[in-house]
Amino acid sequence: MLPIRLRLLAPATALAMAALLVAPADAAAQESTTRGLSLALYLQGASLSVEGGDPGSGGGGGLRIGYGLNRTITLFARADASETDVDDADVEGQWKLAHVELGTRFHFANSLRSWVPWLEAAVGARAVTVDDAEVEGDPTAEEVTFNGSAFSLGGGLDIYFSESLALDVGLAWTSGEFDEIEVGPVSIDGFDLDARSFRFNLGLAWWP
């Protein structure tokens, strides 16, 4: 007969050994991560509609830097730019659309899956710069810039090639107003131009 103490220790030792054997298997099975620092570079297709006019569309790209507080919540900063062709506008020329945003992404994460859907919300600033601008058919000698705040909602999917590298596919819808116009060094406030922009992003996200 084994002493009582040894008989009590035997099950605990067996459980400890089983845990050591299972832990590497669990780590190897992990297909995705959303925790910690993340970097993303992406190509972008964008459209812009001002005051309910016909949307102009074009292409560009952007950068996102995020930090996953846990498996679900990631805080991020994002900047992107694209060229858009807006035909039915009082100011004609080469339109360049840019967004700078701070936001939160909510992952529906499961580390045992290689795909993770997400939703996000962001606030920030949006600007349009018009090169070679013509106002009602008259060329201007200055660059024209429209500035304003923006609010964005979006959703998408991360498809993981490995635990820390994913194809990032997303859509973002942005509303807001242009309330300032700059013509060269002159800035004019008090405008109220409704604008809607829509972005499709396709890129790579990396958790270093």
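Is Asp168 buried or exposed? Asp168 counts as buried, because its relative accessibility of 4% falls under the 20% cut-off. The model is predicted. Asp168 belongs to a network of salt bridges that also includes Arg64, Arg105 and Glu120.

**Salt bridges**

- Seven salt bridges are found in a search of the whole structure.
- Asp168 pairs with Arg64, and the closest N and O atoms are 3.0 Å apart. Asp168 is in strand β8 and Arg64 in strand β2 (residues 56–68), so this bridge ties together parts that are 104 residues apart in sequence.
- Arg64 is buried too, because its relative accessible area is 6% and buried means under 20%.
- Asp168 also forms a salt bridge with Arg105, with 3.4 Å between the closest N and O atoms. This pair links distant parts of the chain, from strand β8 to strand β4, 63 residues apart. Both Asp168 and Arg105 are buried.
- Arg105 in turn meets Glu120 in a salt bridge, at 2.9 Å from N to O. Here strand β4 (residues 91–107), which holds Arg105, is linked to strand β5 (residues 115–135), which holds Glu120, and the two residues are 15 apart in the chain. Glu120 is buried, as is Arg105.
- The network as a whole links Arg64, Arg78, Asp80, Glu101, Arg105, Glu120, Asp168 and Arg199.
- Side chains of opposite charge can pair when their charged atoms come close.

**Aromatic side chains**

- The structure holds two aromatic pairs. In one of them, Phe146 and Phe178 have ring centres 6.0 Å apart and planes at 50°, so the pair is tilted.
- The Phe146–Phe178 pair connects distant parts of the chain: Phe146 is in strand β7 (residues 144–162) and Phe178 in strand β8 (residues 165–183), 32 residues apart.
- Phe146 and Phe178 are both buried.
- Arg126 lies over the face of Phe178, at 5.3 Å from the ring centre.
- Another arginine, Arg113, lies over the face of Trp115, at 4.2 Å from the ring centre.

- Thr84 lies in strand β3 (residues 73–84).
- Thr84 is buried, because its relative accessible area is 1% and the cut-off is 20%.
- Apart from neighbours within four places in sequence, Thr84 is in contact with Ala46, Leu48, Gly56, Ser57, Gly58, Trp95 and Leu97.
- Thr84 and Pro55 are 29 residues apart along the chain, and their C-alpha atoms are separated by 8.9 Å.

**Strand pairing**

- Strands β8 and β9 run antiparallel and are joined by 18 bridges. Within this pairing, Leu165 has Trp206 in β9 as its bridge partner.
- β8 and β9 form a hairpin with two residues between them. Gly184, in the turn, has a positive phi of about 65°.
- Strand β9 (residues 186–206) also pairs with strand β1 (residues 36–50): these strands run antiparallel, with twelve bridges between them. Leu43 stands opposite Leu202 in β9.
- In a regular strand the side chains alternate between the two faces of the sheet.

Note on methods:
Residues numbered from 1 in each chain as written. Predicted model: local features only at pLDDT ≥ 70, side-chain atom pairs only at ≥ 80, totals over all residues. Heavy atoms only, no water. Phe/Tyr/Trp six-rings, centres within 6.5 Å; stacked < 30°, edge-to-face > 60°. Helix = DSSP H or I, 4+ residues; strand = E, 2+ residues; numbered from the N terminus. Buried < 20%, exposed > 50% of the residue type's maximum accessible area, 1.4 Å probe, protein only. Lys NZ or Arg CZ within 6 Å of the ring centre and 35° of its normal. Contact = heavy atoms within 4.5 Å. Salt bridge = Lys/Arg side-chain N within 4 Å of Asp/Glu carboxyl O. Pairing = 2+ DSSP bridges.
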